[in-house]
Amino acid sequence: MPSFKYLKAYLALLIFTSIWGYNWVVMKSALQFSGPFQFAAIRIFFGALVLFLVMYLTKRPMGLTKLPTMLLLGLLQNIGFTGLLMWALVEGGAGKTAVLTYTMPFWVLILAWPMLGEKIQGWLWLAVFAAVLGMAFIFDPLHINADAFSMGLAICSGISWALSAIISKKLHRVHPELDLLNLTAWPMLLGSVPVILIACLVPAPAIQWTPYFIGAVLYNVLLGGALAWVLWLYALQRLPAGVASMSSMLAPIIGVTAAWIQLHEIPSTMEMIGMLLVIFALLVITCITIRKHQAEDAAQGQE
């Protein structure tokens, strides 16, 4: 059996992908009652407050360290990632936005090689090829002009997320003593400031505080915001960046399926083929990683 610490990392990824996968439907529906940046500001700011409350109650270190890096992470995660994906949701469908935002793993794989020294080797190339081909089918380049602006925003959101993942991984390597909650809360709080400013400056209708919108805020603050980022960083610190990122691609599959059922965004044949290819890639990556961990654990047991 694989080491328990790796099982916990994979469990964290599973919960994370489930929360974020369904959240695409929640966010798309919530934007009927709020502007994109207003909703993003509420989600990020109150999510950060929840994390600081948890740190206080659990007596974890609350001081701010590595300010430049924390600020950069805050900008990438909150303006680059969350802000752009909210904007993309206004302009396009939840399913396609979810999938294109999750081009993130491909940017991580490209950047992790020179920046982290995590090479793509062996059968992982088959998984990468299948995932790239699947993404091409889902992207459906023959119809790109229909919602090119929305898709461009979603891709830029994925690139920002990839950069934040690489920086978080490098920071943890240099300073493994940094507390996980602290590393999550401070970028959220710092990044919320420019998002709040943008929300105040960009014209938008008044927020409608309906029961659904309040539920969507709670879902995003408690689950999609605070808990999901903790689970993502936990898995990222314990698994190779490329593997963690590729495994998280289950989230857009959940997003597309949920949008199909709840929002009646029916995937095309091309999108269905693409999803099957992505699922195949995930299975290949998971099997290879588990076998690798089994070999490592066996070697350690013989020492």
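Figure 1. A cavity is a set of points, on a 1 Å grid over the protein atoms alone, where a 1.4 Å probe fits but cannot get out. Grid points are joined across faces, edges and corners, and a volume is the space filled by probe spheres set on the points. The model is predicted: local features need pLDDT of at least 70, side-chain atom pairs count only at pLDDT 80 or more, and totals for chains, interfaces and linings use all residues. Residues are numbered from 1 along each chain as its sequence is written, and side-chain values use heavy atoms, with hydrogens and water left out. The count is 1 cavity of 30 Å³ or more. The largest cavity has a volume of about 50 Å³.

**Figure 2. Lining of the largest cavity.** Lining residues have an atom within 4 Å of a point. They are W20, N23, W24, M27, R43, F81 and L85. Two or more of them come from each of α1 (4–30) and α3 (67–91). Helices are DSSP runs (H or I, at least four residues), and strands are runs of E (at least two), numbered from the N terminus. Helix α1 gives the most, with 4 residues. By class, the lining has 5 nonpolar, 1 polar and 1 charged residues. Here Ala, Val, Leu, Ile, Met, Phe, Trp, Tyr, Cys and Pro count as nonpolar, Asp, Glu, Lys and Arg as charged, and the others, Gly among them, as polar.

**Figure 3. The nonpolar cores.** A nonpolar core is a set of buried Ala, Val, Leu, Ile, Met, Phe, Trp, Tyr and Cys residues joined through side-chain atoms within 4.5 Å. Buried means under 20% relative accessible area, exposed over 50%, partly exposed in between (1.4 Å probe, protein chains only). The largest core has 74 residues. F16, W20, F39, W161 and W232 have the most contacts inside it. Helix α9 (residues 211–238) gives the most to this core, with 15 residues. A second, separate core of 15 residues includes F106, A130, A131 and V278.

**Figure 4. Surroundings of W161.** Contact means heavy atoms within 4.5 Å. Not counting residues up to four places away in sequence, W161 touches F16, W20, F81, Y102, M104, W229 and W232.

**Figure 5. Q38 in helix α2.** Q38 is found in helix α2 (residues 36–57). Q38 counts as buried because its relative accessibility is 13%. Beyond residues up to four places away in sequence, Q38 touches A199, V202, A204 and I207.

Notes:
1 Å grid on protein atoms, 1.4 Å probe; cavity = no way out; pocket = protein on both sides within 12 Å on 5 of 7 lines; lining within 4 Å.
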